[in-house]
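Trainee: Could you take me through one part of this model in some detail? I'd like to look at the open spaces and what surrounds them.

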Amino acid sequence: MNNTTIRSDWTRREIENIYNLPLLDLVFDAQGGYRRHFGAPEVQLCQLLSIKTGGCPEDCAYCPQSAHYSTAVKREDLMSVSEVKGIAEQARADGVERFCMGAAWREVKDGEEFDRVLEMVRAVAATGMEVCCTLGMLTESQAQQLAEAGLTAYNHNLDTSPEYYGEIISTRNYADRLKTLGAVRSAGISVCSGGIIGMGESDGDRIGLLHQLATLSPHPESVPINMLVRVEGTPLEDAETIDPLVLVRMIATARLLMPASRVRLSAGRRSLTREAAALCFMAGANSIFVGEKLLTTPNPDRDDDYALLGSLGLKRERRESKASPISTAAVTADISSPILKLGD
Ligand code: SAM
Ligand code: DTB
Ligand code: SF4
């Protein structure tokens, strides 16, 4: 397979054929594709911060922050700019390259809170990290203001296939999501969009999600693949455990369909063994979230993550400029660098 061509005209059948390849063939092709586009494997370290937590009016069945469910998440108002700035500066010192702020909002509303978020974006951009936000639905004018404040990327996930979407969320539809992605794209902000596996969806739904993402033109620059974190009190608390090899298959297929995009091994890493995580990197994942928490749920220990990357000989990606998430200006640092506080 020639992975040097970037295509947005994938058919569902073509994607199905790739997804269903024997796993080792799939991973082998994906790793080859990765190396043709990116060269030696490197991993971008990102960190999440929930700047406004809980009480969300949406009913996303996976989400502990929805006001529709009774979970252990405590509601918290929008953080102050100075608090966010302090956390971002520490993340930068810990070797993080991209900082993503999430708010449990259905949509962004103009006013003091949005102005505060714009200030947060300026403060994080000043650290030299890429800045991402995930704030729910967005208008074109809000996207424009975020771009002017220095936002690198906006995360808004399609989550699953259009066919399965209604089983998971009833308070907004697929077209709303695509509209927000359009507003982000028009403002010149890079697009981060992916989904979740392990919500009871079929292989066909996973293929359907990949089809939606891979036929966006241009592709999202960043594609997070999350494995459901089952949270008590949500409708999906008892969802059946998904085989981590499905995650590997999903990542490898995404890598082949969208060869220049960053594929992010996102939520759910706490339920992966080191070996399964290694296979995800083999499959072409080139980013992880580090730090004690994702938004509200626990993430692997930072030192364990740095030790894992060290033991795999995987370098963290560093860039001179935060201008483009897939710039060739990426430079490589030795993962054993003391500034990363790596284990042995
Ligand atoms: N409210 C905004 C929105 O939905 O766009 C931003 C925050 S929302 C928590 C960001 C993404 O996190 C969701 O789109 C979903 O893909 C992911 N997510 C939320 N809860 C999750 C869970 N329990 N397991 C895995 N991913 C989850
Ligand atoms: C994404 O796709 N995954 C991240 C990020 N984008 C915002 C969020 C994962 C959230 C997991 C559940 C939680 O911690 O609340
Ligand atoms: Fe709200 Fe986002 Fe959670 Fe859905 S995923 S309930 S929109 S915070």
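Trainee: Which residues lie nearest the centre of the largest pocket, and how many residues line it?

Mentor: Keep in mind that this is a predicted model. Leu 49, Ser 50, Glu 292, Lys 293 and Leu 295 lie nearest the centre of the largest pocket, and they belong to a lining of 20 residues. Two elements, β1 (42–52) and α3 (81–93), each give two or more residues to that lining. The largest share, four residues, comes from β1. Sort the lining by class and you get eight nonpolar, seven charged and five polar residues. As for the space itself, the volume of the largest pocket is about 460 Å³.

Now move on to the second largest pocket, which holds about 280 Å³ of space. Its lining is made of 17 residues, and those nearest the centre are Met 227, Leu 228, Val 229, Arg 230 and Ser 271. By class, the lining of the second largest pocket splits into eight nonpolar, five polar and four charged residues.

Finally, have a look at ligand 3, which sits in the largest cavity.

Note on methods: Residues are numbered from 1 along each chain as its sequence is written. Chains are lettered from A and ligands numbered from 1 in the order in which they are written. This is a predicted model: local features need pLDDT of at least 70, side-chain atom pairs count only at pLDDT 80 or more; totals for chains, interfaces and linings use all residues. Side-chain values use heavy atoms; hydrogens and water are left out. On a 1 Å grid over the protein atoms alone, a cavity is a set of points where a 1.4 Å probe fits but cannot get out, and a pocket is an open set with protein on both sides within 12 Å along at least five of seven lines; lining residues have an atom within 4 Å of a point. Grid points are joined across faces, edges and corners, and a volume is the space filled by probe spheres set on the points. Ala, Val, Leu, Ile, Met, Phe, Trp, Tyr, Cys and Pro count as nonpolar, Asp, Glu, Lys and Arg as charged, and the others, Gly among them, as polar. A molecule sits in a cavity or pocket if more than half of its atoms lie within 2 Å of its grid points.
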